[in-house]
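This report describes the packing and strand pairing of one protein model. The sequence and the structure are shown below.

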Amino acid sequence: SDLVEKSRKLRVSLEDLKIQEIHQYQQLNERYQTFWNDFCTWDQNRQRIYELKSNHKAIRYEKRWNQLRRDLTNSRGTWNENEEMIYFKLKLSETRNRMRIKLKRHYGDVSLLENASKKNDEADTPKQLEDPEENELDNLLRASAYINPKQQQSSDDIDEGEGEEEPEEPEEPEVLEQIVVKKRDEEFKYTTSCILVKETKNTECKFDLTDRYIYITNEDNTVYKTIGINSIRNIYQRRYMQCHRSFEIFTVIGKSYFLAFDSIKESVRAMKKIASLRPTRLETIWFGSPRRLVRKKNLTEMWRKRDISNFEYLMELNTIAGRGYNDLSQYPVFPWILTDYTSEEIDLEDPSIYRDLSKPVGAL
């Protein structure tokens, strides 16, 4: 009986040891799986940042070389091409009062401008002022810029990184990507899908957030827009398709970006991720009631004291209410005050020249 009891205890102790070994193995396996998943995530983020930064760098060089080529071939340049017609377009940069007051040279397709103005004959005016395939100087400059041939975007639609200076261009192309990685070691923070809303089109993109930049990439995985974190001045929540699932970013150089997400939760999470990076020039980040923001900024009192003009007051109200230039369905509006637009002179003291503000425009 003693031997039986001892054998039973020994068997129980062996089973306990076996169970402990199984538990230890499971714990080690779980730790290994966690470590491996973390490592795979880190490696994917590292490769993603490496790809974004290399793409961003190439786009910046392409834009600089295009600018150099245009400076050399314009009407006052060394290699003047004797262009018959020069077109300009409104620059999208805004002042602090959200005024677009600057023009810039239009290098794209001018056929729409010709049809709209009806001033030139289609046979006499070229549809495009520059042809990279036929311009020998253009080909020479592009060949020395180390540009990826897969990138087919126009440089006019690509913004440079804002708010920070880039390192100088290296002499050897093979060490370009290594220098980028050493100089700018970024940390991946957040990624999701989004829609970049513009005046004429909406583009489905990917939103990649690092501790230095916001990369907006298109379907071809090419950097479409780049926003420097330290260049962000204001972020306001916006409505898209009658739903508060978007926000608009305003930068210190006067550019704005309207980003729409799949849900309200995604947009708020992206805003909080940006706010957690503490941009150095951030003034306002708001995703609450517009009326509360108006009271918080004390705009009405400033307008009454004439600290700000009528235009500044109305544009600030439009911005806070969610109106801007990027979404044409929410374009800024101004009140219609006067009723007499035919007389050469009007008397501002005459109440009959003012519209009845108790009724909407459609009821007049």
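Is Trp36 buried, partly exposed or exposed? The model is a predicted one, and in it Trp36 has a relative accessible area of 40%. Because buried means under 20% and exposed means over 50%, Trp36 counts as partly exposed. Trp36 belongs to helix H1, which covers residues 2-73.

**Nonpolar cores**

The largest nonpolar core comprises 21 residues, and Phe207, Ile214, Ile232, Phe247, Ile249, Leu259 and Ile274 have the most contacts inside it. At least two residues of this core come from each of the strands E3, E4, E5, E6, E7, E8 and E9, and likewise from helix H5 (264-276). Another core, of nine residues, lies apart from it and includes Tyr236, Trp286, Leu299 and Ile320.

Beyond its neighbours within four places in sequence, Leu259 contacts Cys194, Ile195, Leu196, Phe207, Ile216, Ser246, Phe247 and Ile249.

**Pairing of strand E3**

Strand E3 spans residues 188-197. The table lists two of its pairings.

| Strands | Sense | Bridges |
|---|---|---|
| E3 and E4 | antiparallel | nine bridges |
| E3 and E9 | antiparallel | three bridges |

E3 and E4 make a hairpin in which four residues separate the strands. In this pair, Leu196 is placed opposite Thr203 of E4.

Note on methods. Residues numbered from 1 in each chain as written. Predicted model: local features only at pLDDT ≥ 70, side-chain atom pairs only at ≥ 80, totals over all residues. Heavy atoms only, no water. Core = buried A, V, L, I, M, F, W, Y, C linked by side-chain atoms within 4.5 Å. Buried < 20%, exposed > 50% of the residue type's maximum accessible area, 1.4 Å probe, protein only. Contact = heavy atoms within 4.5 Å. Pairing = 2+ DSSP bridges.
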